[in-house]
Amino acid sequence: MIEQVAIAFEHKDYQTAAKLLKQLQKESPENSWVQYYLGRLHEVTEKHQDAEKIYRQLLRDTRNAKIVTLTRQGLRRLQEIELEERQRAISQATTQASDIELGVLVLEPLSKEIKTEASRKFAQIMQLDPYTARLILPSRGWRLYRTGQVGELKFYGKQLQQAGIPCFWATITQIQQIQVYQVKYFQASTPQATVICRNELNQLGSLTFDWSEITTRVIGLLPIFEQVVDVDVRRKLEWKTQTQDYAQFCDLHIPGRRCILRFYDHGYEFQQALKIIPQASQNTIRINWNSLSSWIDQQLPQVKIWSDFTFFADTTLDQTEMLSHIKSHIDLFRREQTNWDSAFHLYSGLVFVK
């Protein structure tokens, strides 16, 4: 009867093939040829997942060289079909002008309990091997996974979300549209807070707000690089760039005004500020900054603090082309160009728009 099934497939008489296979499944359900043709029937009737499941099971169980060859050919056909469908879907997802804007796709952390299953689904969606997929999925903070046209990123992102893999996407334009004010110092704190700050045109002014307007706080360390003299393995002097210190940054988000208030330790004028730090003139910058941070903690006890910037930066710094489109709004003195500043603004901006 297997020969009759083969003839039916040759003539594309799938109705007859289905009837014969139904009978054969009852008589010889474990027969490898029966399983192979059942997989073929699923394939030609566009039940691709069922076909793939049978093909992969056959590769694990059968030793028949002919069936192994035919099964591998079937899997290749399914992969080609999936690729064509994917390309067609991506083309449809990037038809609008807004779909071709530059964007980023960010993976959010998963618990260890679900990471194994999530890795399998991630590998299938992104066409990766399971080991690589497991290495990519983060367990701690955000990972910048991909950049490109936001329509395509949205296409992949929706599939990942449906598979239970937390992620989100955003356009660089969304980040660029956020206003950033460089805070020089607090002038008042009650009944409303007032800060003296500079806008993007470097104009000095003041901004008054209610503490309740602040929804999020982002903190991070940005490395300060210096050229130092070192001795190489041949005991010759050479110049090297090394991290000598870190600048501490704090962003307060006011989404109702579409703005960020940005503080950093060496830019905050402790001597001019509201007297919240005892003996500010005699303290080190580190002590003053820690005191300011503690005071802000007291004003915003319920506001979430985002502090995983360093982990995010490790996945972002090599994206030079994308980061070149992001104005950092950071005024640190830099002897050489660095992506750290733009990476911090991207991180804070993504927290803002998410």
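Biologist: Let's start with His329: does it count as buried or exposed?
Modeller: Keep in mind that this is a predicted model. His329 sits in the loop between helix H12 (320-323) and helix H13 (340-353). Buried means under 20% relative accessible area. His329 comes in at 9% relative accessibility, so it counts as buried.

Biologist: And what is phi of His329 near?
Modeller: His329 is a residue other than glycine, yet its phi is positive. The value is near 60°.

Biologist: Okay, over to Glu46: is that one buried or exposed?
Modeller: You'll find Glu46 in the loop between helix H3 (32-44) and helix H4 (48-61). It isn't a glycine, but it has a positive phi of about 65°. To count as exposed, a residue needs over 50% relative accessible area. Glu46 has 65%, so it is exposed.

Biologist: Where is Gln248, and is it buried or exposed?
Modeller: Look along strand S8 (residues 237-254) for Gln248. Leaving out residues up to four places away in sequence, it touches Gly220, Leu221, Phe263, Tyr264, Asp265, Arg286 and Trp289. The cut-off for buried is under 20%. With a relative accessible area of 15%, Gln248 is therefore buried.

Methods
Residues are numbered from 1 along each chain as its sequence is written. This is a predicted model: local features need pLDDT of at least 70, side-chain atom pairs count only at pLDDT 80 or more; totals for chains, interfaces and linings use all residues. Side-chain values use heavy atoms; hydrogens and water are left out. Helices (H or I, at least four residues) and strands (E, at least two) are DSSP runs, numbered from the N terminus. Buried means under 20% relative accessible area, exposed over 50%, partly exposed in between (1.4 Å probe, protein chains only). Contact means heavy atoms within 4.5 Å.
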